[in-house]
Amino acid sequence: MIYLFYGFGSEYVLNDLYKLMSKKGYNCIEIDALKIKDSKKIINSLKHKPVTLITSAHFLLDKKNFNEYYPSDNVFYSVLEIISILNPIKKIFIPHDLTEPTIIYEEMFLNQFDFFISPCEPYTTLYSQFCNTVELGWVKYQKDKTIKVKNKAIWFISDFILHINMGVEPSFNLTKPILEQNVSVKFPLWNSSNEFEQYYKNLGVDVFDARTLTTDLINSHDIIITNGLSSLIAESYLRGKIVVNIMENSHYGDKKDHLKSIFPDLIFFEKIADFSFKKIPTSSSRHNVLQPFNVKEAVNLITK
Amino acid sequence: MSYKKLILSKFKNYFKKPYFKVINLIARDLKTPEIEHKQNHIIEEINNIKASQKELLELIKVNNLLIGGGQTLGDDFLSSDQVVIETNELMQIFLNKKKQDIFAINWINKLNENYFINKSTLLIKSSQIDFGHILKSKKIKRFLSITLTNSTQNEKFLHNINIYPTNIKTLSIEQFNTLIIFDPISSSLLLKHNLFEIGSKIKDFAVIRLNINPTTIFKNKFFKPYVYENNQVVYDDNFARKLLHESGFVEVESNYKGYKKVSRLNYKNGFEIISKASNKKITNSDFETITYVGYKLPQTNTK
């Protein structure tokens with residue numbers, strides 16, 4: 001049996017699982033379609049072989065779809081195309097986003113998978129109408145680790161493409177009213193992250209390396225600032241933190257009401273300039289309900 | 001006159017008066033007129049009840065239509081015009097059964113056997129006819145039909161569910177390989193509600209018929225939603241595709257007089273045409289009923 005791990009860039013969250021299974025002697029192939037120039041060749045070489053597909057990618061994200069958002073020279077298939085080509089014996093979906101495990105249209109295709117590895121409720125129950133769901137905790141959350149931090153609040157900047165498009169200086173000017181209130185910042189791991197990190201650092205902002213584990217940063221701060229539809233909203237919220245969401249310069253589609261309904265204590269600020277610690281409760285009444293990823297059970301499920 | 005007849009006539013004359021006198025006495029004693037009156041009254045009442053039953057059935061039908069309209073009105077994305085269209089479609093689904101039956105039998109019989117062999121199939125129909133034996137003859141594995149009726153009371157049988165169209169959303173149904181909707185009006189009504197998420201229960205593909213303006217097949221992505229003429233909803237080909245993709249099908253294929261057209265679901269624009277027939281001038285602007293196949297997995301450039 002070949003175990004094919006498949007995903008795209010920062011949305012590929014299966015590397016630890018891949019490394020563990022490879023170490024245990026399973027025949028594993030890892031494809032991050034943004035790192036491999038032509039992953040179609042590898043996929044085509046697996047035709048007529050017994051394959052178990054494990055993916056964290058959006059199902060419809062083929063080359064055409066991907067290029068409409070993030071132009072790339074790489075050549076790759078979408079998850080649904082891979083299923084069509086390889087007809088895998090087992091298909092497992094492990095979401096990379098806790099706030100929105102599936103995006104537009106995707107729920108309708110969950111029945112193409114044998115298992116949806118659910119991070120927590122409400123998804124375990126919600127998606128059980130489409131396919132088998134097994135709750136094994138949050139794939140990005142492995143163990144609690146506290147790191148030394150300077151401020152009580154951190155802003156995980158999302159919708160980074162908007163910042164890349166506007167440029168580093170306008171981005172800094174936009175975020176400044178929050179960052180100057182002793183708020184640390186972390187950018188997503190992206191091609192331009194370095195440039196942004198350096199610029200912000202030079203202007204006195206406390207910046208964490210984009211490669212720092214977000215789980216550790218969430219664990220180490222009291223207040224988590226987010227914007228848009230970041231997965232970190234859910235991750236921080238479910239871990240009992242005070243979570244703020246900045247609406248200015250953010251994309252929600254039609255999901256803002258969804259966000260409000262599943263995270264009733266989420267604190268919204270319409271404008272960046274509105275943000276003030278005085279408007280935020282000093283402590284959270286919620287507890288950590290998010291479980292670390294149960295790797296052992298995941299391997300059992302994939303291989304049995 | 002014979003001797004016998006003469007005697008009989010005299011006998012009758014002689015006994016006529018006392019005979020009727022005795023009979024009337026007996027009848028009065030037995031209250032026969034009263035019974036006859038009561039019988040007549042009962043017959044009249046039965047007729048009244050039958051008339052009331054008929055009237056009541058009509059009222060139920062109207063009531064169901066109103067409930068349907070109400071449910072439709074509950075969807076705030078529908079305008080009042082759309083509600084009128086939907087109510088009209090409901091009426092056509094309920095009333096035009098006979099017309100569809102023969103067509104449906106022929107159409108299903110003609111469908112490619114590959115649609116059925118070892119597959120489980122969900123058939124949505126408005127006809128009361130049981131298509132089970134036709135499908136069994138095509139080596140089908142499992143079969144369920146959903147019959148659209150004007151009763152708001154769901155009736156569940158082994159291989160059939162009778163249900164009011166907009167109540168489909170309340171159904172909990174298992175996974176099927178294929179979905180078939182042969183009646184274009186039922187398809188139209190259900191697709192406008194994205195098939196009430198039935199697409200999420202289909203593993204392989206759906207075969208769905210719709211009334212289309214054929215001139216629009218050769219146009220690119222732009223579309224008008226639909227036109228409503230002579231109590232008939234007629235779609236632009238690309239709008240039909242939009243509805244089919246949104247109902248959970250990644251690739252949609254049609255074949256109009258040998259001209260194949262394929263579209264694929266797209267995050268950004270909803271869908272894109274990936275294979276289009278070369279332009280053809282069609283002068284006939286009347287609608288035609290076209291069969292679409294919606295696939296759950298991409299078929300193009302993957303084999």
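Strands S3(A) and S4(A) run parallel and are joined by four bridges. The strands named here are DSSP runs of E with at least two residues, the helices are runs of H or I with at least four, and both are numbered from the N terminus. Two strands count as paired if DSSP finds at least two bridges between them. Please keep in mind that this is a predicted model, in which local features need pLDDT of at least 70, side-chain atom pairs count only at pLDDT 80 or more, and totals for chains, interfaces and linings use all residues. Residues are numbered from 1 along each chain as its sequence is written, chains are lettered from A and ligands numbered from 1 in the order in which they are written, and side-chain values use heavy atoms, with hydrogens and water left out.

Let us stay with strand S4(A). Within S4(A), Lys91(A) is the bridge partner of Leu53(A). S4(A) also runs parallel to S5(A), and two bridges join them. There, Ile92(A) stands opposite Phe115(A). Are the faces of S4(A) covered or open? Both are covered: Lys90(A) and Ile92(A) on one side, and Lys91(A) and Phe93(A) on the other, are all buried. Buried means under 20% relative accessible area, exposed means over 50%, and partly exposed lies in between, with a 1.4 Å probe and protein chains only.

Next comes helix H4(A). Eight of its eight residues are buried, among them Val79(A), Glu81(A), Ser84(A) and Leu86(A). What do these buried residues pack against? In chain A they meet strand S1 (2-7), helix H2 (39-45), strand S3 (51-55) and strand S4 (90-93), and in chain B they meet strand S10 (259-266). After H4(A) comes Asn87(A), whose phi is positive, near 45°.

I turn to the nonpolar cores. Such a core is a set of buried Ala, Val, Leu, Ile, Met, Phe, Trp, Tyr and Cys residues joined through side-chain atoms within 4.5 Å. The largest has 72 residues, and the members that touch the most others are Leu4(A), Phe5(A), Tyr6(A) and Ile94(A). Helix H4 (residues 79-86) of chain A gives the largest share of this core, six residues. A second, separate core has 44 residues, including Leu179(B) and Val233(B). Returning to Phe5(A), its contacts include Tyr12(A), Met21(A), Cys28(A) and Ile54(A), not counting residues up to four places away in sequence. Contact means heavy atoms within 4.5 Å.

Chain A also has an open sheet of six strands, paired in parallel, in the order S9-S8-S7-S10-S11-S12. Its edge strands, S9 (207-208) and S12 (267-269), each pair on one side only. Inside the sheet, strand S10 (residues 223-227) and strand S11 (residues 242-246) of chain A pair in the parallel sense over five bridges.

Now for chain B. It has seven helices and twelve strands, and 47% of its 303 residues count as buried. Its accessible surface is about 17100 Å², of which 56% belongs to carbon and sulfur atoms; such areas come from the Shrake-Rupley method with a 1.4 Å probe, and for residues only the protein chains shown count as cover. Lys203(B) is found in strand S6 of chain B. Lys203(B) touches residues of both chains, including Asn111(A), Gln112(A), Phe176(B) and Lys296(B), not counting residues up to four places away in sequence. Is Lys203(B) buried or partly exposed? Lys203(B) counts as partly exposed because its relative accessibility is 29%.

Finally, some points of backbone geometry. Most residues other than glycine have a negative phi, and most peptide bonds are trans. Lys139(B), however, has a positive phi of about 60° and lies in the loop between helix H5 (132-137) and strand S2 (142-148) of chain B. With 54% relative accessibility, Lys139(B) counts as exposed. Glu197(B) also has a positive phi, near 70°, and sits in the loop between helix H6 (184-191) and strand S6 (202-212) of chain B. In chain A, a cis peptide bond joins Glu121(A) and Pro122(A), with omega about 15°. Pro122(A) is in the loop between strand S5 (115-118) and helix H5 (123-126) of chain A.
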